[in-house]
Amino acid sequence: MKLSDEQKAVIEAPLEPMAITACAGSGKTATAIRRLIAIRQKLADHRGRVVLLSFSNVAVDTFNKGYAELASGLPDDANRKRVEVDTLDGFFTQHVLRPHAYRTMGATRTPYLVSGSEAFLSSFQYWKSKTERPIPIKDVQVGVENGRSIFFIDTQGTVEQLDRGKAQELIEKLGRTGAYTHDLGRYWVIRTLLQQPAILRALATRYPQVLVDESQDLGTMHKVTLEILIKAGVQVSLIGDVNQGIFAFAGADGMFLKTYADRPGVKDYKLTRNYRSLPPIIDIANRLCGRNDEPDRQPGQGGAFFVGYKDAELPKLISSFKARLGELGIEEKDAVILSRNTDRAAKLAGKTAAPGQGVVNLFAEAALARDQQHRYQHAFRLVCNAVESLIDDAPRGLSSTLQGAPHEAWMLGFRRLLWAFTRNTETGLPSCSLQAKAQWHPKLVANLRALLTQTDQLFGLKTVATFGHKMAKKRLEDVALSGAKADDQEAHGLRVETVHQVKGESIGAVLYVATKANITALLAGTATEDGRIGYVALTRAKNLFWLAAPKSCLGAMRTDLINAGFIEAAAQ
C-alpha cells in the first residue's frame, strides 16, 4: 500500500511515547509493523527490545506475518531479532507470572492456570454467608478503584462487590498452591512487579519500548500494569480507536487512550484515511462517530443498505443476501452474518446446544466445536477438561498445563495423545453427524476406554472408578449429535459470528441481523457501548453492508435510516 503522510509521520517519529488514534480501515497493522522496525533501527546498538502487544492470537499472527515479510529485506543481525509481538496476557505471563510470581504468591512451584472445573477448586469458594450458595473462585474478578484492588462478581451485567478482606484471603490461599485464573493472573502480575522491584527494573531495561494495539480495550488491570512500566521508564505508545471500544464488561472504557495524549511528553497522532470501505459506508460511519475520515477507495458497486425481515423469513433474507453477493462477484468465504449476541448467532448458524450431561456434555460440545465451527483449539481445551475429570487423583493443573506449553517429556507425550484423540473421528472423538444415543455415545465410550488404558500404561494415570457413571447416556436423543434431521433444509454455508468475534477484521460483505434496540443504539452514535457495537459491525464491511431490521419497527425507523445514509433494499 502507498503510505499516507499521516502514516509516515507515525513511522518516522522520534523515540517518544505516542497516542495514535486510528480510524477503522486505516492501515493500522501496516503502520504498526513499520513503526516497530523504525523503533528498533532508532535504538541502534542499544540491546533493548521493542514489543507490540495486542489482545488476540489472531492479531498476533497477523502482525508476525507482516513483520516477517517486511523484515526479510533487513540485515539478519541481532537487532532484527530484538522485535517481538505477543498478546498482553501472554507477554506478562511469560516474563513475570510463570518465572517469578511464585515468590509473591508464596507457592513452591511454577504458577499454573486453572479453568475453574478442577475438582480441588471446590475448597476455594467465596462464601457471602452460611445460608447462601458459595461463589466459585473462577467467577471472582479483580479491578482497581481509587488505587486499591477491588474484588467483585458480574452476574448478567450486574456488578456485586465482595468483601475485600475475605476475597483477598481466599485468593492468597489459592495462590499458595500456585494456581490462578485469567483474572487472578493479572492481579499476581501487578503484585509481583510491585513487590519484586528487581524484576520490574530488568523488564524495563529489556523492553524500553512498548506499543499496545487496540488500546481502547485495555481493562483496569492492564492499565495499572502499563502505568507501572511507564513509571519505571518504559516508553509506551498506544494505538486504537475509542469508537471501537466494545469491551466495557471487562473494565475497558477507552479513557486510557482518550486521555493519554494529554500527558506531558506524549505526542498525539491521527490516522484518518480509510483504505477498507467504499465511500457510502465511510459516510455513514462519519455521521455516527462525528469524525471526518477520508475514503481512499473510489465509489463502486455495493454500499450500505437496510432491509426488513421477520424471524420466519430469515432463510429468505439470507438467500437474497447470497444472491447479491453473486451479483457483485463477492465470494461467500469473504462474507459474514453478524449478530449482537451468541444465542442469535447460534440460531442463524443452525447450531444447537450440546446435549448430554456432565463429562459427556463436554465431549459433545468439543465435537460440535470441531465439526461445525472448525475451532480445533477450543475442542482440544474441552477434551483436556473432560479427560482430566476421568483420571483418578489427577495432578493439579493438568488440563491447563496440557493446553499451555508443557516442558516435561511425559506431559508432551500426553498432549500429543489428546490432540490425536481430538482430531480423529474414527479412533478418537466421534463425528457429530452420528446418532447421539445409538452411535456417537457407544463409539465415544469405546474410544475413551482405549485412550485411558494407553494413558495408564504410558503415564501411570489411573481411570476413575466411577467412569461408567460419569459417561452415562443422560440427555442424549436418537438424533444426530448436531441436532440435524433428515428433512432439515440444507445449511446456508455462510460464516456466522457475533460482532465481538470479528473485531479487527476486514470483510467483503456483512449482513448484520439486528433488533430494534440494536438499530436505535447504532443510529444514536458511538457514545454508548451498544452504539459502538453497531459501528464496529458497519465498519467491518469493505464492499457491502446490509442492516437487517425487524419489519415490525421498520416503518418508524425508515426515515432515520435514510437520513443516516442507508439505502432501502428489498429481499428477493
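In the UniProt record, an unreviewed entry, the feature "binding site" covers Ala22, Cys23, Ala24, Gly25, Ser26, Gly27, Lys28 and Thr29. Two residues of this set, Cys23 and Ala24, belong to the lining of the largest cavity. Glycine 25 lies in a loop. That loop runs between strand E1 (18-22) and helix H2 (28-43). The model examined here is predicted.

Two helix pairs were then examined. Two packed helices are described by the angle between their axes and the distance between the axes. Helix H14 spans residues 359-371, and helix H15 spans residues 376-388. They pack at an angle of about 165°, and their axes are 8 Å apart. An angle over 145 degrees counts as roughly antiparallel, so H14 is roughly antiparallel to H15. The crossing of H14 with H15 is left-handed.

The H14 side of this contact consists of Val359, Leu362, Phe363, Glu365, Ala366, Ala369 and Arg370. These residues meet Tyr376, His378, Ala379, Leu382, Val383, Asn385, Ala386 and Val387 in H15. By class, the contact holds 11 nonpolar, 2 polar and 2 charged residues.

The second pair joins helix H11 (residues 279-289) and helix H21 (residues 529-539). The packing angle is about 165°, with the axes of H11 and H21 10 Å apart. This angle makes H11 roughly antiparallel to H21. H11 and H21 cross in a left-handed manner.

From H11, the contact residues are Ile281, Ile284, Ala285, Leu288 and Cys289. Their partners in H21 are Tyr535, Leu538 and Thr539. The contact of H11 with H21 comprises 7 nonpolar residues and 1 polar residue. Charged residues are absent from it.

How values were computed
Residues numbered from 1 in each chain as written. Predicted model: local features only at pLDDT ≥ 70, side-chain atom pairs only at ≥ 80, totals over all residues. Heavy atoms only, no water. Axes fitted to C-alpha atoms, helices over the stretch in contact; angles between N-to-C directions. Helix = DSSP H or I, 4+ residues; strand = E, 2+ residues; numbered from the N terminus. Parallel < 35°, antiparallel > 145°, perpendicular 65-115°, else oblique. Left-handed = near helix turned anticlockwise from the far one by under 90°. Contact = heavy atoms within 4.5 Å. Nonpolar A, V, L, I, M, F, W, Y, C, P; charged D, E, K, R; others polar. UniProt positions renumbered as here; feature names shortened; annotations may be inferred. 1 Å grid on protein atoms, 1.4 Å probe; cavity = no way out; pocket = protein on both sides within 12 Å on 5 of 7 lines; lining within 4 Å.
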